[in-house]
Amino acid sequence: MNNRIINNIDDLYQMLDAAIQLEHATIPPYLTALYSIHPETNIEATQVIRAVLVEEMLHMTLSANVLNALGKHPDLTAEGFVPDFPTYLPDGEKDFQVSIDKFSPDTLDTFLNIERPSKQPPDCGCTELKGCIVRSNHQKFQLKAVKPLKSATYSFYSIGDFYDAIIEGIEYLEEQAQQQGKTIFIGDVKFQVSNKYYYSGGGNVIVVTDKDSAIQALDLIKDQGEGHCQQIFDPQGEIAHYYRFEQLKLGQFYQLGDEPGKPTGEKFAVDYKAVYPVKQNPKMKDFPQESLLYQAAQKFNYSYFGFLALVNQAFRGQQDLLLGAVCDMFRLKEHATQLIRNPIPNDPSQNGGPTFEMFYALQPQTEHKTTEAEAV
Amino acid sequence: MTHSTRTIKQITPDQAIEKSANGEYHAVIIGSGISGAIAAKQLTAKGLNVLVLEAAPAKDLTYSGFKQYLSNYYSNASKDNNAPYPENPNAPMPRSTTISKLIPGQTDAKGYMVQNGPLALDSTYTRVTGGTTMHWEAKILRMLPEDFSIKSTYGVGLDWPISYDDLMPYYRMAEREIGVSANVEEQGFYGIKYEQDYVYPMYGLPPSYLDQVVAKGIDGAEFELSGETLTVKVRPFPQGRNGIPNPNYNDGNGFKPVGAVSAHQVEQGGRCQGNNNCVPICPVQAKYDARKTLVDAAQTGRMDFLPQAVASKVVVNPADNSIEHIQFKHYKTTQSPEYTEGKVSGKLFILATNAIENARLMLASGLPSSSGLVGKNLMDHTYLLTWGLLPEAAGTMRGTKCTSGIADFRHGKSRSKQAAFGVDIHNDGWGWATGSPFSDIEYLVDGQNKFGRDLRQGVINRVSNQLLFAFMVEQVADESNRVTVDPQYKDALGNMRPIVNYNVSDYSKAGIAFSSQASKVFYQRLGAEDHSNYSPLDYGYFNYQGEDYYFRGGNHFSGTHIMGTSAENSVVNENQQSWDHANLYLIGSGSMPTIGTSNTTLTLAALVFKTTEDIINKLSHYRIDLGNESNTNTAKEACHE
């Protein structure tokens with residue numbers, strides 16, 4: 001039996017849609033953990049989480065570029081795009097959940113799980129679908145990425161395996177198209193987000209116009225995420241996410257030439273006490289309706305959905321919106337920190353936190369209108 | 001970009017002394033600010049070995065060290081230029097907070113820079129690794145071509161021995177090194193020209209909303225001056241901070257912005273986010289500072305970096321008047337004045353400590369030069385501030401500190417009678433003049449008893465209409481403005497401190513007075529309330545033709561070792577080489593005979609590129625492993641990665 005996962009163009013579209021959703025799904029947990037750290041403390045933890053976070057934003061953009069190159073657009077405002085936390089991500093044999101939570105040893109373990117390199121032997125032949133393992137608990141997974149098409153019981157072993165399947169699909173479908181004198185890369189280049197508008201986000205965005213640039217973009221995601229051939233540093237000297245996080249676990253930076261698990265760089269301490277006690281997976285209903293916290297949570301969610309809608313428009317040709325989005329990100333940070341730094345009125349041992357509950361019925365105004373209140 | 005090596009290894013004093021004794025250094029560079037860093041980068045790129053001495057500790061080369069500076073700044077009650085930087089009695093620096101009104105005839109030695117008057121100068125520089133680029137604003141203007149010949153054209157100041165055309169290719173290199181964001185089509189005015197097809201590395205930053213409000217009000221205003229009509233136009237400034245890379249740069253190869261300095265891949269600083277505390281410290285390091293260049297030099301493996309080593313004496317070999325060695329004092333900690341002494345040497349010596357410290361070190365070494373001009377002709381830009389309230393909210397406090405200004409008073413016939421000036425529109429409100437927004441909060445809390453939501457709204461109301469113009473007035477060379485030393489005044493290590501004699505000439509005062517007139521016209525056209533006032537109690541106060549003014553220093557120290565055409569009229573030649581000592585170079589803004597109305601950094605950086613070219617030619621017979629790098633074009637256009 002053919003163990004290729006992508007066999008037609010619709011499979012590919014769906015997998016890329018899923019990739020964008022998957023990359024985004026890591027952002028709320030990373031963002032919350034980052035903002036939960038007391039300001040001016042835990043410099044190393046802050047820099048590591050931040051660096052990974054911005055690279056996830058890059059990965060989402062790269063996946064969107066690949067999808068746009070195929071003539072389709074992503075939809076960040078589709079119902080269910082933002083997962084309901086806690087949620088499962090496809091990784092590893094032992095399933096784990098990803099939560100909106102404060103920075104803590106447990107949270108760090110989760111982050112390591114998310115970014116864990118594939119340990120599956122390349123030719124184990126475990127299943128008839130390449131890169132997948134059998135799972136029995138599929139109903140728990142909310143992300144489309146987990147389930148390859150037409151297989152109710154398989155899921156990818158790692159995020160890297162998932163991208164390998166996409167790359168294989170692209171190579172296969174493009175070769176077929178070429179044989180007929182066609183190409184699958186029929187998207188208009190004007191939809192490609194370029195470095196002009198995407199920046200400061202963990203590397204250069206790649207404009208995708210053909211098979212080679214598509215594979216380059218997807219390889220970059222793989223390399224930054226779980227590493228290159230299980231190396232700490234890629235050939236350009238960039239450290240992979242898993243090892244970035246592992247540095248926090250080990251309290252020491254890696255440097256070139258180090259063995260996994262044995263960093264030899266500068267040592268530092270991580271202070272888990274210098275963190276706001278954010279309630280795990282907070283929901284709007286946890287905050288009394290009349291409270292300022294409730295209002296702040298509402299504002300955050302509303303702004304976040306507006307932000308996604310704006311990015312969505314940017315992925316659909318209005319790239320210049322990304323320049324103004326910088327201000328929106330500062331606004332999100334302000335709303336998030338209001339939540340994170342204040343106790344829940346009827347449960348003062350815990351602080352609030354962004355709930356990432358989207359109001360899909362309410363399509364926020366996405367035009368960039370600067371009111372006087374915002375201007376000051 | 002290769003991330004993992006973006007750090008600098010340091011050596012010990014003993015290693016530096018030993019390698020000096022073994023003749024291993026082609027050049028000894030004193031100072032790791034922008035001049036020293038560029039010199040180190042250029043020389044090491046050509047296979048030469050350099051030793052860099054830095055007076056300050058090098059903690060700032062780590063990301064956590066930089067973040068500590070940021071924390072210091074946030075927590076410091078004073079937000080002055082040197083607020084992020086801890087006190088270091090072993091290598092002290094001037095701070096504007098120590099300035100007070102001078103009493104005629106009395107010397108004020110409160111601050112590091114001893115003030116002899118008659119006017120108090122509140123300018124500062126920063127003695128940390130990376131130098132004053134660690135607090136600079138990074139507005140980065142080329143000089144006007146006419147600035148180079150101000151004496152022969154307008155009969156004032158001093159001419160340069162070189163022209164704009166001579167410096168033009170080096171401006172280009174400096175703009176690459178610093179990573180300048182600007183659009184050629186907005187900058188080519190009053191004679192400023194560029195090579196055909198030149199573009200800046202990055203596109204210009206967008207003008208702020210405030211800039212647009214001001215432009216709407218004052219664009220087209222006309223002023224009659226010396227029989228010429230000057231028409232005002234608000235123009236964006238070139239910026240030494242990261243913007244959108246121009247894909248047409250470098251023959252279509254583009255430009256890669258250089259972000260934060262860190263060994264740990266922080267993925268930050270690729271572009272300005274508009275944080276508004278550019279001075280003194282950009283929280284994301286999107287603003288250029290010299291550590292970015294220093295790290296490039298370190299990557300060659302040919303730069304030895306010795307921090308906490310204060311150069312104390314330049315020693316001359318009496319036989320041939322060449323420099324034999326430089327003595328330094330190395331301290332273990334800033335908490336103690338204990339030090340060890342040593343001497344370092346190389347084939348040549350480069351003093352890159354800044355205009356005040358270069359002169360101070362030469363004078364402390366008993367080397368006033370055969371012209372006697374070391375320390376003299378001290379120049380700065382004198383700023384007149386005017387501040388008012390606009391009739392509408394203009395988004396003050398948003399964006400980069402200063403994005404646009406007015407260049408139309410920088411040139412023209414009036415320069416024979418009064419100082420030229422540039423104008424900055426400040427996006428940070430009245431901060432420089434009144435300490436806003438902190439002073440606003442004080443007023444609302446103490447004076448109006450406001451708190452909570454009212455306080456917040458009150459601050460918004462007070463700040464969002466604020467407008468501040470800073471008129472940057474030219475100062476021309478005048479030998480009586482000078483730096484000297486006196487054994488009476490020493491720092492903790494026993495090094496003599498700089499003593500400054502400073503005055504503002506009638507030529508500059510006339511420029512300040514005209515600035516004030518122009519300001520009144522601007523406020524009138526904008527319908528703004530003018531709140532400017534200059535108290536006789538202010539340390540910068542002076543009266544000119546019956547009107548009250550004050551001035552603020554521009555931190556643009558220059559002129560203390562001017563370049564010229566002979567050993568009689570100058571300290572250095574056009575390559576910043578000492579006329580008296582063939583193996584000594586004094587580099588930086590101290591070499592500039594005229595500063596015009598441009599912030600000095602771009603021009604001094606361009607000069608360093610010219611100088612290093614000369615040095616490389618002179619040392620060519622010492623060159624090693626040049627390989628394929630010897631192609632000058634390649635070197636000029638080489639990117640940062």
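In chain B, strand β2 (residues 50-53) and strand β7 run parallel to one another and are joined by four bridges, two strands being taken as paired if DSSP finds at least two bridges between them. Within this pairing, Leu51(B) is set opposite Asp304(B) of β7(B). The structure is a predicted model, in which local features need pLDDT of at least 70 and side-chain atom pairs count only at pLDDT 80 or more, whereas totals for chains, interfaces and linings use all residues. Residues are numbered from 1 along each chain as its sequence is written, while chains are lettered from A and ligands numbered from 1 in the order in which they are written. Helices (H or I, at least four residues) and strands (E, at least two) are DSSP runs, numbered from the N terminus.

Strand β7 of chain B covers residues 303-306, with Met303(B) and Phe305(B) pointing one way, Asp304(B) and Leu306(B) pointing the other way, and all of them buried. A residue is called buried if 20 or more other C-beta atoms, placed from the backbone, lie within 10 Å of its own, exposed if 12 or fewer do, and partly exposed in between. In a regular strand the side chains alternate between the two faces of the sheet.

Elsewhere in chain B, three strands form an open sheet with mixed pairing, in the order β3-β17-β16. Because β3 (114-118) and β16 (482-484) of chain B stand at the edges and have a single partner strand each, one side of each is left without a neighbour in the sheet. From one strand to the next the twist averages 20 degrees, with axes fitted as lines to C-alpha atoms and angles running from 0 to 180 degrees between N-to-C directions. Strands β3(B) and β17 (residues 499-502) of chain B run parallel and are joined by four bridges, and among the residues involved Gly117(B) has Asn501(B) as its bridge partner in β17(B).

Chain A contains 10 helices and six strands, and 48% of its 376 residues are buried. In helix α4 (residues 105-115) of chain A, the buried residues are Thr107(A), Leu108(A), Thr110(A), Phe111(A), Ile114(A) and Glu115(A). Seen down the axis of α4(A), these residues fall within an arc of 155 degrees, so they line one face of the helix; the arc is that of the directions from the helix axis to the C-beta atoms. Arg4(A), in the segment before α1 (9-25) of chain A, is partly exposed, with 14 other C-beta atoms within 10 Å.

The contact between the chains takes 23 residues from chain A and 23 residues from chain B. On the side of chain A that touches chain B, α3(A) gives the most, with five residues.

Notes
Contact = placed C-beta atoms within 7 Å.
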